[in-house]
Amino acid sequence: KPKAIIIGAGIAGIAAAIRMAIKGFDVDVFESNAYPGGKLAEINAEGFRFDAGPSLFTMPQYVDELFKLAGKNPSDYFKYEKLDEICRYFYEDGLEITASADLNKFAHEVETKTNSTAQEVNTLLKKSETIYEVTNRVFLERSLHKIKSYLHWDTLKSVFRFGQIDAFRTQSQANQAFFKDKRIAQLFNRYATYNGSNPYQAPATLNVIPHFEYHFGAFLPKKGMYSITTSLVKLAEDLGVHFHYNKKVAEIHYKAQGGKQQVEGITCNGEFINANIVISNLDIWFTYKNLLKNFAAPKKLLQQERSSSALIFYWGIKGIHPELGLHNILFAEDYKAEFDCIWKEKSIYKDPTIYVNITSKHIENDAPEGCENWFVMINVPANNGQNWDALIAQARKDILNKFNRILKKDISNAIVFEQILDPRSIETKTGSYQGSLYGNSSNNQFAAFLRHANFSSKINNLYFCGGSVHPGGGIPLALLSAKIIDQDF
Ligand code: FAD
């Protein structure tokens with residue numbers, strides 16, 4: 001059997017391992033942590049369970065597809081539910097919007113509680129659908145870096161419709177035009193943060209993202225987000241994939257052959273291990289910096305602005321808080337000032353938008369009786385050596401004050417467990433350059449073309465998957481990066 005080595009057991013690495021095993025390769029995955037999943041990990045402590053990273057699950061069909069490809073029944077491995085409620089939004093002026101998955105209900109709520117109309121919501125979501133139709137096949141499911149992708153009829157059709165993807169104004173400009181009520185524009189501007197970008201800079205093409213939630217739906221795995229990782233690892237193992245944990249790969253080897261370089265294998269713990277193909281799931285920045293040290297790196301691509309990072313407080317909370325649902329947003333009053341602070345001052349804003357995810361609302365054993373597991377996250381800049389300890393101490397106070405103002409509750413006394421993740425620990429735990437969550441930012445209209453390809457144009461049989469390469473960050477796109485590699489076999 002030909003041999004494939006995957007470096008990193010992030011979600012894309014696991015997906016690539018499954019796909020290569022199905023294609024008949026003997027697959028070994030080398031992971032530097034003691035556990036699989038990378039960013040898609042979990043924390044268990046003092047009776048609380050937290051998903052450490054992603055909490056929003058969209059496009060579950062990309063996960064199911066892997067089980068089906070292997071001839072298995074997805075629900076034998078992995079179960080999830082479609083959510084009736086997408087998110088609860090809280091504003092400083094007292095407005096509360098519950099975004100129902102039922103579009104009519106959501107649009108009606110917007111119309112009755114704000115100066116915007118149901119029609120405005122429907123128009124935005126129609127636009128969102130159009131952008132999806134034009135971009136899906138071109139940007140998401142194929143390599144942007146191969147001529148044959150452009151010769152495809154679907155691609156050509158999309159190229160003729162490029163004018164419809166709204167790339168020449170910012171997302172915030174578009175949403176200001178769509179919505180009379182600036183609070184609803186703010187609600188839709190937030191989608192830029194789904195890939196770590198700034199709605200005041202990023203193209204309105206990012207208005208494609210609401211389509212994922214309102215058309216395909218928002219979901220929650222029955223056993224929490226981490227079960228995406230564990231069930232795919234189980235599938236991979238059933239297909240014969242070998243996972244090697246606590247194995248940090250030090251180098252990718254290649255040799256000249258027929259006028260081109262050819263991948264040969266890797267070094268791990270001082271041992272050379274040969275392979276016919278190598279797929280790196282590392283952040284592309286570290287793949288070049290650490291594993292291909294003597295190779296000329298594509299400097300321009302690697303110097304792109306990184307996406308934002310996050311500060312997360314995992315709080316075990318005493319008491320049940322019915323005003324909050326599974327997903328909640330407490331908005332900053334001045335959203336523009338918040339993004340200016342993150343992107344220009346590279347600091348944490350004093351009135352941050354707070355995201356609270358509470359899986360114990362749906363998953364019984366995620367918190368002890370009478371308690372809840374709060375994942376409290378704010379957007380922060382990528383790590384450039386800021387004084388994080390001081391910034392985190394201040395942010396903790398600002399967050400608690402905001403809960404006080406909006407929920408009219410002093411949460412500080414209810415915290416019975418606390419753990420913190422910040423840009424520094426995101427970098428050390430998951431190997432993400434500067435702790436960015438989604439690789440490069442999408443803050444300009446060319447960003448989609450400036451992500452690294454899923455293959456090396458200089459070294460044969462060396463491939464790249466994961467959130468830092470094409471088509472981008474987030475679970476669905478990371479899974480698609482493995483699918484694009486698969487198209488070569
Ligand atoms: P990663 O998760 O980046 O994993 C890479 C793996 O490589 C790691 O396990 C690492 O240990 C390993 N590695 C590194 N160096 C080496 C080496 N030298 N040798 C061996 N192994 C190595 N996405 C969503 O879709 N929805 C969300 O709600 C969401 N929220 C997020 C919230 C947070 C706090 C974070 C951190 C991310 C979030 N994301 C979300 C993004 C999503 O988690 C990522 O895009 C996705 O998980 C990236 O997967 P990946 O395949 O690139 O691998």
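How many residues of domain 1 are in contact with how many residues of domain 2? The views below show a predicted model, in which local features need pLDDT of at least 70, side-chain atom pairs count only at pLDDT 80 or more, and totals for chains, interfaces and linings use all residues. Residues are numbered from 1 along each chain as its sequence is written, and side-chain values use heavy atoms, with hydrogens and water left out.

**View A. Domain 1 meets domain 2.** Domain 1 covers 3-38 + 224-304 + 444-486, and domain 2 covers 117-205. These bounds come from an automatic or database domain assignment. Over C-alpha atoms, the two centres are 29 Å apart. In contact are 14 residues of domain 1 and 12 residues of domain 2 (contact: heavy atoms within 4.5 Å). About 1,100 Å² is buried between the domains, 69% of it on carbon and sulfur atoms. Buried area is the accessible area (1.4 Å probe) that two parts lose on being put together, summed over both.

**View B. A cis peptide bond joins His470 and Pro471.** Its omega is about 0 degrees. Pro471 sits in the loop between β20 (462-464) and α17 (475-486). Helices (H or I, at least four residues) and strands (E, at least two) are DSSP runs, numbered from the N terminus.

**View C. Met59 has a positive phi.** The value is near 50 degrees, in a residue other than glycine. Met59 belongs to the loop between β4 (48-51) and α2 (61-69).
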